[in-house]
Amino acid sequence: MRVFVVVAAALAGYSAHIPQAAADVPGLIQSAPAAGDMNGSNFTYPFPLKTYNLKSQLQDLQMAFMDVAPTVAPNGKVAVCLHGKNFCGPTWEATARQLAGVGYRVILPDQIGFCKSSKPASYQYTLQQFSYNTKILLEALDIENVTVIGHSLGGMTSIRFGLMFPEIIERLVLVDPIGLEDWRALGVPYMSVDNLYVSESESNYSSIRAYEQATYYVGEWDDSYDTWVNMLVNIYKGSEGPAFAFNQALVTDMALSDPVVYEFSLLKPRTLLMVGDKDNTALGKQWSPPEVQAKLGHYDVLGKQAVAAMSNADLIEFPDLGHAPQIQAPDRFHEALLGWLSE
């Protein structure tokens, strides 16, 4: 195990429409408008958008993704970046540009239930299902080997992906993943999906910003962060807002019910854990009693514990950063990421 510490230096109204006949063809990949409303999101995506049609749980679904080509001579490598619960594929824009700039092809999917992907009326969310959906997308793109980079819920999914499909992973990068502890075992009370839905439905700019400012950005705020808050707000308040809120309730219940912390020793790929030490993310913390809250979300400790449990992992810590170092301090983050990938 190696541990590194990185110290701080001083189109309005446009609506996307995909013909139903095409949307119902499993395995079909087609282009989609990057702007306008699609599956409840009207955020304009930074790269050309595509959809992958899949039959999943007896439903015809669309998985939106961006496929970013290298901007220099290709190095023959592919990275897939998995977003967190409160983010979408575009959150990885800066990272994708950095990776493309050193020769990577970069795949940025929106998971089912999120962003510009389908919002099923009912879906059995599991980390296995997220991982499987990602795997069959890669297969449809004829991608056989990948570097998997996941943030937050995407990091938790990446751990499960690494356990399920180690043979196709060249490198595994976990950026402030949730799931470094078992919240239920630490005392987080159960909250029903119905109550989670009510909470999700009440999400607005003020509530999302307050949460992210305290958890992601260590109490700081930059106007650029509003891009990601508004991206999320527009889905909650958009054409499929109720379906999105219900999907988010199901996803929260999934994450609380499917711990990965007990399987870290089984991870085979070479792994990098990147942690903002001031991150205090913990699912269920807000509805837990004070004595339970005090136990949760200590990433300055959790990062070290996680890497010690993994057989082939390195740790890079950002002592002054929170849950989203790739957004809060992108230059430092990308220097550390690309440095490790180049070893």
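Start by selecting Val218, which you'll find in the loop between α6 (205-215) and α7 (226-236). This is a predicted model, so treat each stop as a feature of a prediction. Val218 has a phi near 55 degrees, a positive value in a residue other than glycine. Most residues other than glycine have a negative phi.

For context, the count of aromatic pairs comes to 15. Zoom in on Tyr211 and Tyr216: the ring centres are 5.7 Å apart and the planes stand at 75 degrees, so this pair is edge-to-face; the cut-off for that label is over 60 degrees. Tyr211 is partly exposed, at 33% relative accessibility, whereas Tyr216 is buried, at 3%.

Select Asp176, in the loop between β8 (169-175) and α5 (193-201). The phi of Asp176 is near 40 degrees, and again the residue is not a glycine. As for cover, Asp176 has 0% relative accessibility and counts as buried.

Two charges over rings come next. Which ring has the charged end of Arg171 over it? Pick Trp340 along with Arg171 and you'll see: the charged end sits over the Trp340 ring, 4.6 Å from its centre. Then pick Lys135 and Phe165. Here Lys135 lies over the face of Phe165, 5.1 Å from the ring centre.

Time for a couple of contacts between parts of the chain separated in sequence. Select Leu108, in strand β6 (residues 105-109). Leu108 is buried, with 0% relative accessibility.

Then jump to Gln248, in helix α8 (residues 241-257). Gln248 is a polar name to click on, so where does it end up, buried or exposed? At 1% relative accessibility, Gln248 counts as buried. Bring in Tyr125 as well: Gln248 and Tyr125 are 123 residues apart in sequence, and their C-alpha atoms are 9.9 Å apart.

Finally, zoom out and colour by secondary structure. The chain has 12 helices and 10 strands. Its radius of gyration is 19 Å, close to the 20 Å from the globule rule for 343 residues, so the chain is as compact as a globular protein of that length. Along the principal axes, the C-alpha atoms fill a box of roughly 50 × 50 × 40 Å.

Of the 343 residues, 57% count as buried. Colour by charge to pick out 22 positive and 36 negative side chains; the centres of the two sets lie 3 Å apart.

Key:
Residues are numbered from 1 along each chain as its sequence is written. This is a predicted model: local features need pLDDT of at least 70, side-chain atom pairs count only at pLDDT 80 or more; totals for chains, interfaces and linings use all residues. Side-chain values use heavy atoms; hydrogens and water are left out. Rings of Phe, Tyr and Trp (its six-membered ring) pair if their centres lie within 6.5 Å; planes under 30 degrees apart count as stacked, over 60 as edge-to-face and the rest as tilted. Buried means under 20% relative accessible area, exposed over 50%, partly exposed in between (1.4 Å probe, protein chains only). A charge sits over a ring if NZ of Lys or CZ of Arg is within 6 Å of the ring centre and within 35 degrees of the ring normal. Helices (H or I, at least four residues) and strands (E, at least two) are DSSP runs, numbered from the N terminus. The radius of gyration is taken over C-alpha atoms; the globule rule is 2.2 Å times the number of residues to the power 0.38. Lys and Arg count as positive and Asp and Glu as negative; His and the chain ends are not counted. The place of a charge is taken as NZ of Lys, CZ of Arg, CG of Asp or CD of Glu.
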